[in-house]
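This report walks through one protein model, beginning with a single residue and then widening to the whole chain. Please keep the sequence and the structure in view while reading.

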Amino acid sequence: MVTLNYRDSKPIYEQVKDGFRRLILSGMLATGEKLPSVRELAAQLAINPNTIQRAYRELETEGFIYSIAGKGSFTAALSEVTDGRRTELLAAFDAAAGELLRLGMGEAELAARLRALL
């Protein structure tokens, strides 16, 4: 399900979070699908349950999953995820683009970088 790279400089909880994000956005985890319990996933990955708890908490804050007390965590509807994530990413993009412009990057150069991504 989720794989970890212990040599990566990225914290383990972020790797778990990114793994679940990819699974949800790719459709490999269906809407409403139950995620492994914190303890179960911690045992599978041989890591501290607090690490999984942090990843789940952040995924819930970002709208990728939701929790039901006593039942567990489940994947959110992709439409809800994409709307919330799009808003969050656009805010980060606006901040980064504004800073790049203030640092002297030209509008044409910024536009060229966007075209290169397409």
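The model is a predicted one, in which local features need pLDDT of at least 70 and side-chain atom pairs count only at pLDDT 80 or more, while totals for chains, interfaces and linings use all residues. Residues are numbered from 1 along each chain as its sequence is written, and side-chain values use heavy atoms, with hydrogens and water left out.

Ser73 belongs to strand β2, which covers residues 72–75; helices (H or I, at least four residues) and strands (E, at least two) are DSSP runs numbered from the N terminus. Apart from neighbours within four places in sequence, Ser73 is in contact with Glu33, Lys34, Leu35, Tyr56, Ile65, Tyr66 and Ser67, where contact means heavy atoms within 4.5 Å. Glu88 is 15 residues from Ser73 along the chain, and the C-alpha atoms of the two are separated by 22 Å.

## Aromatic pairs

Rings of Phe, Tyr and Trp (its six-membered ring) pair if their centres lie within 6.5 Å, and planes under 30 degrees apart count as stacked, over 60 as edge-to-face and the rest as tilted. By this rule there are two aromatic pairs. Phe20 and Tyr56 form an edge-to-face pair, at 5.8 Å centre to centre and with 75° between the planes. Because Phe20 lies in helix α1 and Tyr56 in helix α3 (residues 49–61), this pair ties together parts that are 36 residues apart in sequence. Phe20 and Tyr56 are both buried.

The rings of Tyr66 and Phe74 have centres 5.7 Å apart and planes at 25°, so that pair is stacked. Phe74, at 13% relative accessibility, counts as buried, whereas Tyr66, at 34%, counts as partly exposed.

## Two helix residues

Gln15 lies in helix α1, which runs over residues 12–26, and is buried, with a relative accessible area of 7%. Not counting residues up to four places away in sequence, Gln15 touches Val2, Thr3, Leu4, Asn5, Asp8 and Lys10.

Arg39 lies in helix α2 (residues 38–45) and is exposed, its relative accessible area being 71%. The C-alpha atoms of Arg39 and Asn50, which are 11 residues apart along the chain, are separated by 9.1 Å.

## The whole chain

The secondary structure of the protein comprises five helices and two strands, which follow the pattern α-α-α-β-β-α-α along the sequence. The C-alpha trace spans about 50 × 35 × 20 Å along its principal axes. The radius of gyration of the protein is 17 Å, whereas a compact globule of 118 residues would have one near 13 Å; the radius is taken over C-alpha atoms, and the globule rule is 2.2 Å times the number of residues to the power 0.38.

Of the 118 residues, 31% count as buried. The protein exposes about 7,800 Å², of which carbon and sulfur atoms supply 55%, with accessible areas coming from the Shrake-Rupley method with a 1.4 Å probe. Among contacts between residues at least 6 apart in sequence, 47% join residues at least 24 apart.

Definitions and conventions:
Buried means under 20% relative accessible area, exposed over 50%, partly exposed in between (1.4 Å probe, protein chains only).
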